[in-house]
Every structure is written in structure tokens, then in C-alpha cells.
Amino acid sequence: MAESTNILSENKDGILYLTINRESKLNAINFDTLEELKNIFNEVSDNKSIRGVVLTGSGEKAFVAGADISEIAELNELNARKFSENGQEVFSLIESCHKPVIAVVNGFALGGGCELSMACHMRIATSNAKFGQPEVNLGIIPGYGGTQRLTFLIGRTKANELLMTGDMVDAQEAKSLGLVNYVTNSKAEAIQKAEEILQKIMTKAPLSIGMIIDCVNAVYSNDENGYLIEANSFARCVKSEDYSEGTSAFLEKRKPNFKGE
């Protein structure tokens, strides 16, 4: 795994634990942290020792409280587009990762932090979590995909309200809106829940999991025919050794031993 200054990483029993480690800055994402995320997720998909990812923030106050405002304040019209496109590229890399990525959201997930959590495949929140896209308070809008993913996840009407007012929602409301899968009392419980989900997923065929991610992502793409991607992915699964193993195991009434091949 690439060496990082702002992200702690540990690969344990097939799960990669990533912690944004800028607690004194409420884990705000700066340019360096974004680059480190990019380098890490460029490695994850091809690393067979990694079967899933848990992403969280250090401390109890914040998952990620936003992008680094000191860097945003230096933007101009010429480089602002590149700033946005760079963040979108990194978060798309997370969203399209063929290994399931679960965000454990402890405390504030605002601005770029909310966008980062939404790029993950699932979200588990602690009871003190707060979600929001408050960029309008700075005279800007979300730039890392927030206008798109928030709308997909909670619907146009509520997304319009939250994006235009900059209001935050707590963990329970986020769950009721479909933004969060589960709410737990503590960060330790949230990580445990993420581990339970990933351990169950890790018993399934890795190729199938990756293709499910592709197919679900295609639902939200105007450039792709999701049904065609599903049919092609189904055919690719049938070509795999895991398909032979899975069907044989079912007929022989035993647990399958999937190898991701």
C-alpha cells in the first residue's frame, strides 16, 4: 500500500481499514489527502489480499468536516474547474472500486466529507453523525459530485432543500432519507457492523461482487445501458471458475470455495 501522511491504513483479515488522520483539522480533505486517496484506491482493486474497505475519520468529532477552506479560498475561475474535476475523479474511483467500500461516519460529514461518504457503497453512521452540503454559505456549490449523488440517494425534492439551505441532518434523519444504512451508538459498534457486512460479502464470489458494483453504478449513468451491462456481466460470470464452483457446491450441498477466478 502506498505510503501516506494523512491516511492511516491497515490490512487485517482481508479488510483494509482507512482512517483520514487530520483530527486537528476535523479531518478536512486537502489536496495531499485527495492525492493519497487516489493512490490507495488505484492499488485496492488489483490487490487480491483486500476484499473490502472500511473508511472512517480519526477521533469522535468528524468523519470529514469538508474540504480545506484555506485551499478553496485561493481558487480562481481558471483552476476551480480543475479542482472540481480532480475531486470527482478520485471519488469516482472509490465508487467504481470492485471491492465494497463502507464509510463509518463518526461526527460531521459536511461538504467534501458528505461527498466522500456518498462515493462509498454503503454508510454506517454513529448517533452523533451530521450530514450536510453547506457550500452555499461560502457562495459556491458542491464540486466533488455532491449535487448528483445526493439527488440519486434521497431524491430531487429533499436534495434541493438541503443543497439550497445548507442545512444539516442528523443520523436518524439521514437513515430515514436513505442516505445511511445503519445507525449505531458508537464508532466501535459502527466498525463492528461494517465488519459483519464485509465478512458476509467476503463469502460470496469476488467477481460477482465487482460486477454488481458495475451494474448498480450503471443505473445512474446516462452513457451506459444498464441492462446491457447486466447481460454482459452475467455472461462473464458464467465463464468464471467461481460459477462452476458455486453451482457445483449448491448441487453437492456444501459451502462454495470462491477464488475470484
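Reply: Strand 1 and strand 2 pair in the antiparallel sense over 6 bridges, where pairing requires that DSSP finds at least two bridges between two strands, and strands (E, at least two residues) and helices (H or I, at least four) are DSSP runs numbered from the N terminus. The model is predicted, so that local features need pLDDT of at least 70 and side-chain atom pairs count only at pLDDT 80 or more, while totals for chains, interfaces and linings use all residues. Residues are numbered from 1 along each chain as its sequence is written, and side-chain values use heavy atoms, with hydrogens and water left out.

Me: How many residues of strand 2 are buried?
Reply: Buried means under 20% relative accessible area, exposed over 50%, and partly exposed in between, with a 1.4 Å probe and protein chains only. In a regular strand the side chains alternate between the two faces of the sheet. Ile15, Tyr17 and Thr19 point one way from strand 2, Leu16, Leu18 and Ile20 point the other way, and all are buried. The count for strand 2 is therefore 6 of 6.

Me: In which sense do strand 2 and strand 3 pair?
Reply: Strand 2, helix 1 and strand 3 make a right-handed β-α-β unit, right-handed meaning that, with the strands pointing away from the viewer, the path from the first strand over the helix to the second runs clockwise. Ile15 stands opposite Gly52 in strand 3, and the 6 bridges between strand 2 and strand 3 are parallel.

Me: What arc do the buried residues of helix 1 cover around the axis?
Reply: The buried residues of helix 1 are Thr33, Leu34, Glu36, Leu37, Ile40, Phe41 and Val44. They lie on the same side of helix 1 because their arc, taken from the directions from the helix axis to the C-beta atoms, is only 160°.

Me: How many residues does the largest nonpolar core have?
Reply: A nonpolar core is a set of buried Ala, Val, Leu, Ile, Met, Phe, Trp, Tyr and Cys residues joined through side-chain atoms within 4.5 Å. Phe41, Phe91, Leu116 and Phe131 have the most contacts inside the largest one, and helix 1 gives the most to this core, with 5 residues. The size of this core is 45 residues.
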